[in-house]
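Please look over the following briefing on a protein model, with its sequence and coordinates at hand.

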Amino acid sequence: MKIKQYKTVLGEENIPMLVKEKEVQYQEVKMDSFNKVVKMMREVFSIHKQTEEYLYEICLDTRNHLLGVFEISHGCISCTVSSPREIFQKALLCGASAAILIHNHPSGDVCPSRDDMKTYETMKRLGEMMNVSILDSIIIGTQDCYSIASND
């Protein structure tokens, strides 16, 4: 199966649409565990080797099959910025029923910040209103990783 990385662009009449950025052959397409998500993000996107923070979103169908991956933002060494609008726009455009947020901590310390926790809670609450479940927010460091949902 192939992992498809998308971005959104303005199409005709300034309406957002999906554009495939790249496609990568990958053995696992069902993202039904924390370990599978971390493995894919390390192997395909090398998130643990980035020198700045990146925020990705993986969008899933009702059976946790991967629909697409989006780079939401690219920040600096200690933060990145996101908004619910961009996260849910991408999930809705690809028909997702669920999403997982993943970002890296270049410092290697995977302890979530106050902002990490607040963002996860906000996205989870908004997702419930929109019927798009935010299943987890995963932090990946150089060696370790952390699941906010598993430690909630």
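Strand S5 (98-104) and helix H3 (114-130) each contribute at least two residues to the lining of the largest pocket, where helices (H or I, at least four residues) and strands (E, at least two) are DSSP runs numbered from the N terminus. This is a predicted model, in which local features need pLDDT of at least 70 and side-chain atom pairs count only at pLDDT 80 or more, while totals for chains, interfaces and linings use all residues. Residues are numbered from 1 along each chain as its sequence is written, and side-chain values use heavy atoms, with hydrogens and water left out.

**The largest pocket**

- A pocket is defined on a 1 Å grid over the protein atoms alone, as an open set of points where a 1.4 Å probe fits, with protein on both sides within 12 Å along at least five of seven lines; lining residues have an atom within 4 Å of a point.
- The volume of the largest pocket is about 440 Å³, a volume being the space filled by probe spheres set on the grid points, which are joined across faces, edges and corners.
- The lining of the largest pocket consists of 22 residues, and those nearest its centre are Thr 80, Ser 113, Asp 115, Asp 116 and Thr 119.
- Helix H3 gives the largest share of this lining, namely six residues.
- Sorted by class, the lining has eleven polar, six nonpolar and five charged residues; here Ala, Val, Leu, Ile, Met, Phe, Trp, Tyr, Cys and Pro count as nonpolar, Asp, Glu, Lys and Arg as charged, and the others, Gly among them, as polar.

- In H1 the buried residues are Val 37, Val 38, Met 40, Met 41, Arg 42, Val 44 and Phe 45, where buried means under 20% relative accessible area, exposed over 50% and partly exposed in between (1.4 Å probe, protein chains only).
- An α-helix has 3.6 residues a turn, so residues three or four places apart point the same way.
- Helix H2 (residues 84-93) has Ile 87, Phe 88, Gln 89, Lys 90 and Ala 91 buried, and just after H2 comes Gly 95, with a positive phi of about 75 degrees.

**Aromatic pairs**

- The structure holds three aromatic pairs, a pair being two rings of Phe, Tyr or Trp (its six-membered ring) whose centres lie within 6.5 Å, with planes under 30 degrees apart counted as stacked, over 60 as edge-to-face and the rest as tilted.
- One of these pairs, Phe 45 with Tyr 56, is tilted, with 5.2 Å from centre to centre and 50 degrees between the planes.
- This pair links distant parts of the chain, since Phe 45 belongs to helix H1 and Tyr 56 to strand S3 (residues 54-60), eleven residues apart.
- Phe 45 and Tyr 56 are both buried, and together with Tyr 54 they make up one aromatic cluster.

**Cysteines**

- The structure has zero disulfides, a disulfide being a pair of cysteine sulfur atoms within 2.5 Å.
- Cys 59 has its closest cysteine sulfur in Cys 94, at 3.7 Å, which is too far for a bond; Cys 59 is buried, at a relative accessible area of 0%.
- The sulfur of Cys 145 lies 12 Å from that of Cys 111, its closest cysteine sulfur, and this too is too far for a bond; Cys 145 is partly exposed, at 28% relative accessibility.

**Loop residues with positive phi**

- Ser 46, which follows H1, sits in the loop between H1 and S3 and has a phi near 45 degrees, a positive value in a residue other than glycine; Ser 46 is partly exposed, at a relative accessible area of 27%.
- Asn 64, in the loop between S3 and strand S4 (66-74), has a phi near 65 degrees, likewise a positive value in a residue other than glycine, and is partly exposed, at 21%.

- Ile 100 in strand S5 counts as buried at 5% relative accessibility, and its C-alpha atom is 15 Å from that of Ile 47, 53 residues apart along the chain.
- Leu 10 in strand S1 (residues 2-10) is exposed, with a relative accessible area of 57%, and lies 21 Å from Glu 23, C-alpha to C-alpha, at 13 residues apart in sequence.
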